[in-house]
Amino acid sequence: MHIAIDDTYGPENDTGSKFITGKRRTHVAVVFPDEDVNNIREQITNCLDYIEKQTGVLSKEFHFVDIYNRKEPWNKLPEHMNLIFFEFFADIYIRYRWPVYIQTIDDRTIDDHNFSQLPKKIERLNLSKRDDQSVFFLLLQIKIDHKGNPTPINVFLDEGKCKPGTSIGQIIFHDWTEPYNGSYCSSETEPLLQIADFLGYSINRSTYLSTKKNRTNIDNWFIDLVHSMKINSKHIQSFTFSEDFSVADLDEFHSKDRKNKGL
């Protein structure tokens with residue numbers, strides 16, 4: 001299997017929520033069947049070529065925070081046309097519903113669990129930092145989930161911390177009985193990461209919008225769009241509120257969920 005991992009952070013301002021804070025650091029992993037990978041890569045590249053021909057927007061990748069905010073080169077698009085790309089990728093995901101892993105580290109995670117037994121570093125991960133803790137526990141989740149039926153694994157982690165080609169996860173998967181290959185990659189050269197970017201941004205933004213006091217029609221449209229995808233992840237809880245739900249409603253849901261999990 002092929003696994004693309006991207007980070008998604010922020011905003012860091014006070015949300016008013018006890019559970020959704022600006023200090024959280026999140027990584028999202030998307031699992032692709034080996035037989036689908038070449039077609040996905042080809043189709044992403046073809047989409048970018050088609051967009052250039054139809055709109056004049058020249059981009060080497062789909063980077064969804066820039067698309068949503070209509071940052072260059074996506075500022076060439078007419079107003080609201082950028083949202084069509086979210087609908088397009090949501091439709092693709094609804095068709096395939098690739099498995100998704102989510103790992104968030106924040107103050108509450110640290111309070112809930114004893115991290116004192118963790119080593120200070122593993123490979124290039126500094127486990128005193130939340131973003132590196134997030135990567136570490138995400139890779140560990142994947143290993144634990146598949147240890148009963150190990151298969152060859154190819155992991156692509158979006159660059160930022162390390163140069164493309166730098167290995168990641170070799171120590172974590174040191175006893176994997178099948179071939180393992182993990183490395184940092186550029187999303188421009190690895191289209192699978194652009195799918196992870198879409199899902200990471202969608203999950204993070206819908207979470208942030210859930211804490212926003214005065215949501216716009218577009219905000220509510222975005223939340224509904226993400227909900228309609230029915231993301232295939234055991235880490236996502238689905239709930240139904242009225243359109244004007246508050247942070248207090250959200251925190252009550254989190255409290256009940258934590259109680260059910262024994263936290």
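Buried here means under 20% relative accessible area, exposed means over 50%, and partly exposed is anything in between (1.4 Å probe, protein chains only). Keep that in mind for this predicted model, where local features need pLDDT of at least 70, side-chain atom pairs count only at pLDDT 80 or more, and totals for chains, interfaces and linings use all residues. Residues are numbered from 1 along each chain as its sequence is written, and side-chain values use heavy atoms, with hydrogens and water left out.

**Salt bridges**

- The count is 5 salt bridges, taking one to be a side-chain nitrogen of Lys or Arg within 4 Å of a carboxyl oxygen of Asp or Glu.
- One of them pairs lysine 161 with aspartate 132, with 3.1 Å between the closest N and O atoms. That pair ties together distant parts of the chain, 29 residues apart: lysine 161 sits in the loop between strand S6 (153-158) and strand S7 (180-185), and aspartate 132 in helix H5 (residues 130-146). (Helices, H or I with at least four residues, and strands, E with at least two, are DSSP runs numbered from the N terminus.)
- Lysine 161 is partly exposed at 43% relative accessible area, while aspartate 132 is buried at 3%.
- Helix H5 also supplies aspartate 145, whose partner lysine 234 lies 89 residues apart from it, in the loop between helix H7 (217-228) and helix H8 (247-260).
- Aspartate 219 and lysine 212 make another salt bridge, with the closest N and O atoms 2.7 Å apart. Aspartate 219 is buried at 3% relative accessible area, and lysine 212 is partly exposed at 27%.

**Helix H1**

- H1 covers residues 34-55, 22 residues in total, and spans 33 Å from first C-alpha to last, close to the expected 32 Å. The expected figure is 1.5 Å times one less than the number of residues.
- Its buried residues are Val37, Ile40, Ile44, Cys47, Leu48 and Ile51. Seen down the axis, they fall within an arc of 90°, so they line one face of H1; the arc is that of the directions from the helix axis to the C-beta atoms.
- An α-helix has 3.6 residues a turn, so residues three or four places apart point the same way.
- The other side of H1 has Glu35, Asn38, Tyr50, Lys53 and Gln54 exposed.
- What do the buried residues of H1 pack against? They pack against strand S1 (2-9), strand S2 (25-32), helix H3 (81-96) and helix H6 (192-209), with contact meaning heavy atoms within 4.5 Å.
- Just after H1, glycine 56 has a positive phi of about 85°.
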